[in-house]
Amino acid sequence: MLEFFANPYVSWTAWTLLYTVLIVGGVLFVVAYYTYAERKIMGAMQRRQGPMTVGPFGLLQPIADGIKLFSKETIIPSGAHRVVFLLAPMMLFALSLIAWAVIPFDKGWVLANINVGILYLFAVSSMTVYGVIMAGWASNSRYAFLGGLRSAAQMVSYEVSMGLIIVCVLLCTGSLNLQEIVLADRPFWMQVLLFPMFIVFLISILAETNRAPFDLPEGESEITGGFMVEYSAMTYALFFLGEYSAMILMSAMTTTLFLGGWLPPFGITALAFVPGIIWFAMKTLLIMFVFIWARATLPRFRYDQLMRLGWKVFLPLTLFWVVLTAGLLLTFDALPG
Amino acid sequence: MIIQALAFYLFAGILTLSSLMVITARNPVHSVLFLILTFFNSAGLFILLGAEFVGMIMVIVYVGAVAVLFLFVVMMLDISFADLRKGAMQYVPIGLFIGAVLLTELVLVYGAWQFAPDVGLNLAAPAMRFEDATNAESLGQVLYTDYVLAFQLAGLILFVAMVGAIVLTLRKRPSVRKQSVAEQQRRKAEDVLEMHKITPGTGI
């Protein structure tokens, strides 16, 4: 038995499988309790209690919700395009999971340490728009279609400025590999230079994941739930899981790009005795909290305001910042590599 | 490596099949979805070649942006395909002719490669210049040094095309009511609101 595992191919496959199962299990667990945290935090912000009935402090609520969604009937509308209709939620869910392969949780704790990790993340996040468009089209319903169209326009718009922000970070770190981005030397002035981009990135990921205040694709007040209006039971649950897992993924991506990943905060080396994964988790949780905070605080944007912010404010600002960053780095001879 | 060969045949097979489906699918939205699958598999082929940067850019640009716009437009179209098919037969001769020309050219290219004596010498070997550099580094080195003029020119052409498209489609429509954000921001409560104390029974 041991000899069998000593074979490099077998051990590599076994490790990869184990790691994959750990990541997927971990992400799904965090998603379940993220929904609980969202309801509790929003409850606290609105002077309510949130879920309290199922289990102590309502701690078993996400599990009860999961069981409920599993056991319901999946309804496929008669006018729907069956294959595409079922493919859309699966695709969205799968995409939100495969992106985790390149996230470094700690030094060396990464499933696929590829050279173009950041591009991979960007590619996967730019493909999630298909889940939404396909769902909107295949439902063969006006509301769903409107939601799908809105989502397509919105995600494409904000991706542009996200890409430019990533270029800013890459200029400062000189690598497309996520581990090297985290480990890159960032003097204080560089962090000051990147700080405005961090804020713009935070706002853009809200739009990219279709979250409040940019949740127009759902827009329950005008299009009754948008692209997922025809979905029920497990197909709906997959959308739900995909959305929350994409939110956690975007938080992890922000942590990796701007907050120094698994390194102790503010470069305090005395705190290095705490395992890196704890720092990574804490920073990610911070961004995840911002998602909920924004949802409980801000009213929904109007559609034309959303487009204006994306194209007329963020795009020129980030474009200018790319030129500024490149110019400063060149002037002070601080270009990495 | 047998796994590499298997992956190649998998990607290439799906690519060929899905590109066939692009032109045979009856529903145009299905066509675009198969086109996306085609892009995706060609990105896979690039990664198998060791060109991971090009593969990822392929996914980001073609799948993430270009095909979204295709899908966007195709979904909004309201075409009756029975009407469209009626006149299709008259285009068969010209289609066949163009297909034949393309096929001949392909055969000529491949044939020259195989049989002409000195064509192989024309092969450039760009990868040999950068031994340890990653994909992105070597691409950047080549694009921004040797081919910087061509690169800038391509950018300029695209820019002109974009400006042209905007100029052609931009029209002033006085009937559309647009909001001016600056004007709204300047507006103060005192300018638009008046407070009156009204004694009951008198009116203003």
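Of the 204 residues in chain B, 18% are buried, where buried means under 20% relative accessible area, exposed over 50%, and partly exposed in between (1.4 Å probe, protein chains only). This is a predicted model, in which local features need pLDDT of at least 70, side-chain atom pairs count only at pLDDT 80 or more, and totals for chains, interfaces and linings use all residues. Residues are numbered from 1 along each chain as its sequence is written, chains are lettered from A and ligands numbered from 1 in the order in which they are written, and side-chain values use heavy atoms, with hydrogens and water left out.

Staying with chain B, its secondary structure is nine helices and zero strands. Helices here are DSSP runs of H or I with at least four residues, strands are runs of E with at least two, and both are numbered from the N terminus.

The domain assignment, which is automatic or from a database, gives chain B a domain 1 at 1–80 and a domain 2 at 136–167. Their C-alpha centres are 24 Å apart.

Next, one residue in a loop. B:Lys172 sits between helix 7 (148–169) and helix 8 (181–186) of chain B. Is B:Lys172 buried or exposed? B:Lys172 counts as exposed because its relative accessibility is 78%.

Now to chain A. A:Tyr36 belongs to helix 2, residues 8–45. A:Tyr36 has 11% relative accessibility and therefore counts as buried. Between A:Tyr36 and A:Leu60 there are 8.9 Å in space, C-alpha to C-alpha, and the two are 24 residues apart in sequence.
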